[in-house]
Amino acid sequence: MKTRLWTLTLPLATGLACAQADSGESPDGAVELAALDAVFAEYDDPEGPGCAFAVARDGQEVMARAYGMANLEWDIPNTPETVFEPGSVSKQFTAAATILLALDGRIELDDDIREYFPEMPDYGTPITVRMLIHHTSGLRDWGSVAGIEGWARTTRIHTHKHALDIASRQRALNYEPGLYYSYTNTGYNLQAMLVERVTGRTFDEFSQARIFGPLGMTKTEWRDDFTEIVEERSAGYRRGDDGQWHMLMPFENVHGNGGLLTTVGDLLKFTRNLDTGDVGGPEFIRLMHEEGTLDSGRRIGYAGGLRVGEYKGVREVSHSGSTAAYRGFLTRYPDHGVAVSLMCNAREADSGGLARQVAELYLADAITEASPADPAGADVDPARVAAFAGGYRDTRTGQYLELTADGSSLRLGGGMRGLQLMAASETEYTAPAGVSIAFEAGAEGGRPAAIMNTPGAVDVRIEPVGEFSPTAADLADYAGAYRSDEAEVTYWVEVEDGSLVLKDRYGDGEALDPVYPDAFTRGGTTYIFHRGDGGRVTEASLSQGRVWDLRLDRVP
């Protein structure tokens with residue numbers, strides 16, 4: 001069967017688009033096409049979805065290539081001009097719009113958001129626009145709350161009206177504004193709505209006039225109405241339990257957090273502007289790259305919808321994204337003039353991994369660090385490592401974490417499938433993903449507490465918890481109905497076959513695993529029961545990645 005593979009190149013000398021036959025190497029003579037194609041071998045399939053990518057050197061596109069199918073029903077291949085959604089890669093465009101509005105003098109980045117959203121609660125400490133940009137607001141992620149309610153994203157047509165309604169119902173924050181970092185789509189949906197409230201224009205109209213149009217991004221728009229016809233748009237696909245491809249599309253109208261419709265070439269035009277400032281000027285560039293700072297003074301590495309850091313010894317400015325089955329990654333290596341944009345319409349695609357493999361081919365000798373795929377680790381006695389294994393509680397959120405021993409390394413979550421942390425010393429363990437755990441000294445006769453750092457959280461204290469084996473009588477204490485007005489949901493907790501089962505309004509439920517006294521877990525969520533005077537359980541709370549300590553009152 002014939003393989004469909006498209007190539008589009010822009011010669012450096014002219015910048016004019018043309019089709020080029022496979023000559024064996026890229027137009028700038030730096031990278032063999034075979035090496036690029038090898039990265040995407042899994043997606044070079046006329047019977048499955050795939051990816052498109054583009055590469056720029058010093059702002060000029062030197063390679064654009066596509067693999068797989070844009071639409072399996074109509075047998076339409078992906079091309080470099082195919083329109084995808086890059087998910088949260090969109091956030092840098094939203095931050096750019098907000099910053100341009102600030103540079104216009106229409107808003108201040110340190111304004112209290114309640115100046116624009118009076119329907120939001122007063123939490124005592126102001127939430128600023130800048131905190132929305134940097135994910136330091138403490139706002140719960142509205143999509144996660146919708147999932148707790150029973151309507152996760154992709155299961156209902158969510159709108160900005162719905163997102164704002166959820167946000168305005170939250171009586172509490174994850175934490176006091178400015179205290180921590182927690183990634184939340186809510187802050188970026190609010191920015192899109194803020195632009196509309198201040199300018200009186202739709203977010204797409206503002207973006208077209210101030211960003212997309214001036215930069216020549218002719219195939220880019222916001223998906224503010226998912227029913228619109230979009231020329232050359234790919235469909236998103238996932239593998240079903242039957243092993244076949246099934247469509248998975250973002251049938252929702254929320255945008256700003258994601259929802260950008262674009263091409264790999266248009267993405268390169270935007271990321272080039274982050275070097276030149278043709279739109280916005282030097283102050284725009286500075287604010288887009290300004291990393292958020294916590295109250296403690298710690299910088300978090302998250303800037304204007306951008307993650308600022310390093311990759312294998314090379315300075316990198318990037319962001320990943322996922323929406324329904326779409327995957328995206330946009331990365332730039334400012335010291336070397338290299339940028340890579342990539343989007344896929346296959347949920348299983350590792351967009352960041354694929355884009356960085358392409359980038360490595362163009363960065364070549366600039367890569368100085370060895371691949372983290374097989375870190376060496378320190379020589380630590382496995383018995384010493386085994387002494388740390390067991391359950392831990394995140395002291396901020398109450399979430400349960402589990403560490404298991406694997407020789408001289410530890411694994412975080414999921415047993416042998418969990419993230420491997422190699423020993424840097426007898427008390428410190430690290431992973432290439434930016435995760436580290438450092439155990440405290442001085443614990444007598446038991447496991448010590450530790451300080452954990454991840455890309456999304458720093459200086460998190462985790463404490464060891466003992467085993468919890470509740471009896472049938474213990475479980476009966478928790479049985480009952482629990483209601484949250486913040487999530488507009490009622491759960492029913494019942495005892496079945498010696499287990500505690502959490503059921504939704506439809507009677508569907510799953511057994512919870514006991515992890516520490518009065519705490520249970522299932523599917524990444526920790527459920528904690530709270531007792532009042534006399535020891536009776538009076539309420540419950542749940543904590544997960546983007547929602548901390550959501551309270552549920554026990555129904556009398």
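This is a predicted model: local features need pLDDT of at least 70, side-chain atom pairs count only at pLDDT 80 or more; totals for chains, interfaces and linings use all residues.
Author: Residues are numbered from 1 along each chain as its sequence is written, and side-chain values use heavy atoms, with hydrogens and water left out.

Reader: Why is the pair Arg153 and Glu252 called a salt bridge?

Author: A salt bridge needs a side-chain nitrogen of Lys or Arg within 4 Å of a carboxyl oxygen of Asp or Glu. The closest N and O atoms of Arg153 and Glu252 are 2.7 Å apart, so the pair meets the definition. The whole structure holds 36 salt bridges.

Reader: What parts does the pair Arg153 and Glu252 tie together?

Author: Arg153 sits in the loop between α4 (142-149) and α5 (160-169), and Glu252 in the loop between β9 (245-247) and β10 (260-261), so the parts tied together are 99 residues apart in sequence. Helices (H or I, at least four residues) and strands (E, at least two) are DSSP runs, numbered from the N terminus.

Reader: Why is Glu252 called buried?

Author: Buried means under 20% relative accessible area, exposed means over 50%, and partly exposed is in between (1.4 Å probe, protein chains only). Glu252 has 2%, so Glu252 is buried. Arg153 has 24%, and therefore counts as partly exposed.

Reader: What makes Arg393 and Glu463 a salt bridge?

Author: Their side chains meet at 3.2 Å, N to O, which is within the 4 Å of the definition, so the name applies. Arg393 belongs to strand β15 (residues 390-394) and Glu463 to strand β22 (residues 457-465), 70 residues apart. Arg393 is partly exposed at 25% relative accessibility, and Glu463 is partly exposed with a relative accessible area of 25%.

Reader: How do you know that Asp549 is partly exposed?

Author: The relative accessible area of Asp549 is 31%, so Asp549 is partly exposed. Its salt-bridge partner is Arg551, at 2.9 Å from N to O.

Reader: What describes two packed helices?

Author: They are described by the angle between their axes and the distance between the axes. For α5 and helix α6 (residues 186-199), the angle is about 115 degrees and the axes are 10 Å apart. Axes are lines fitted to C-alpha atoms, for helices over the stretch in contact, and angles run from 0 to 180 degrees between N-to-C directions.
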